[in-house]
Amino acid sequence: MKNVTSHIGTLKFIKRMKNSLNGNPQFLLQCDGYRFRTQANTAVAYQITNYLDRLVQVHIGTHRGCLTLDAIWLTD
């Protein structure tokens, strides 16, 4: 993961993307004006509904040319 930046804002769901090759879910999300996806085959994709419409801090980086979620925390 390159160029990791930190952002605080409300996490919004944009759309569900195709499952990874291993069958795990992936999502397109938005926070603080940035659109990014969850990484393929990570456990956070199963927990992402716990963070939707809540104030979060996210670390977003570039992975294979796409903005990708690196880490997420609740800031309530």
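Student: What conventions apply to the numbering and the values?
Tutor: Residues are numbered from 1 along each chain as its sequence is written, and side-chain values use heavy atoms, with hydrogens and water left out. As the model is predicted, local features need pLDDT of at least 70 and side-chain atom pairs count only at pLDDT 80 or more, while totals for chains, interfaces and linings use all residues.

Student: How many disulfides does a search of the whole structure find?
Tutor: A disulfide is a pair of cysteine sulfur atoms within 2.5 Å. The sulfur of Cys31 has its closest cysteine sulfur in Cys66, 18 Å away, which is too far for a bond. The number of disulfides found in the whole structure is zero.

Student: Is Cys66 buried, partly exposed or exposed?
Tutor: Buried means under 20% relative accessible area, exposed over 50%, and partly exposed in between (1.4 Å probe, protein chains only). Cys31, at 1%, is buried. Cys66 has 35% relative accessibility, so it counts as partly exposed.

Student: How many residues of strand β3 are buried?
Tutor: Helices (H or I, at least four residues) and strands (E, at least two) are DSSP runs, numbered from the N terminus. Strand β3 covers residues 26-31 and is mostly covered. Gln26 has its place in β3 and is buried, with a relative accessible area of 10%. Of the six residues in β3, the number buried is five.

Student: Which residue in β4 is the bridge partner of Leu28?
Tutor: Two strands pair if DSSP finds at least two bridges between them. Strand β2 (residues 12-17) runs antiparallel to β3, with five bridges, and Lys12 has Gln30 as its partner in β3. Four bridges join β3 to strand β4 (residues 34-37), also an antiparallel pair. The partner of Leu28 in β4 is Arg37.

Student: Which residue takes a positive phi in the hairpin of β3 and β4?
Tutor: Two residues lie between the strands of this hairpin. The phi in question is near 55°, and the residue that takes it is Asp32.

Student: Which side chain meets that of Asp53 in a salt bridge?
Tutor: A salt bridge is a side-chain nitrogen of Lys or Arg within 4 Å of a carboxyl oxygen of Asp or Glu. The whole structure has one, with an N to O distance of 3.1 Å. Asp53 lies in the loop between α1 (44-47) and β5 and its partner in strand β2, so the pair ties together parts 41 residues apart in sequence.

Student: What separates the C-alpha atoms of Leu55 and Cys31?
Tutor: Leu55 lies in strand β5 (residues 55-63) and counts as partly exposed at 36% relative accessibility. Leu55 and Cys31 are 24 residues apart along the chain, and their C-alpha atoms are separated by 9.1 Å.

Student: How many residues has the largest nonpolar core?
Tutor: A nonpolar core is a set of buried Ala, Val, Leu, Ile, Met, Phe, Trp, Tyr and Cys residues joined through side-chain atoms within 4.5 Å. Those with the most contacts inside the largest core include Phe36, Val58 and Ile72, and the elements giving two or more residues to this core are β3, β5 and β6 (66-74). With contact meaning heavy atoms within 4.5 Å, residues that Val58 touches include Cys31, Phe36 and Ile72. The number of residues in the largest core is 13.

Key: Lists of a residue's contacts leave out its neighbours within four places in sequence.
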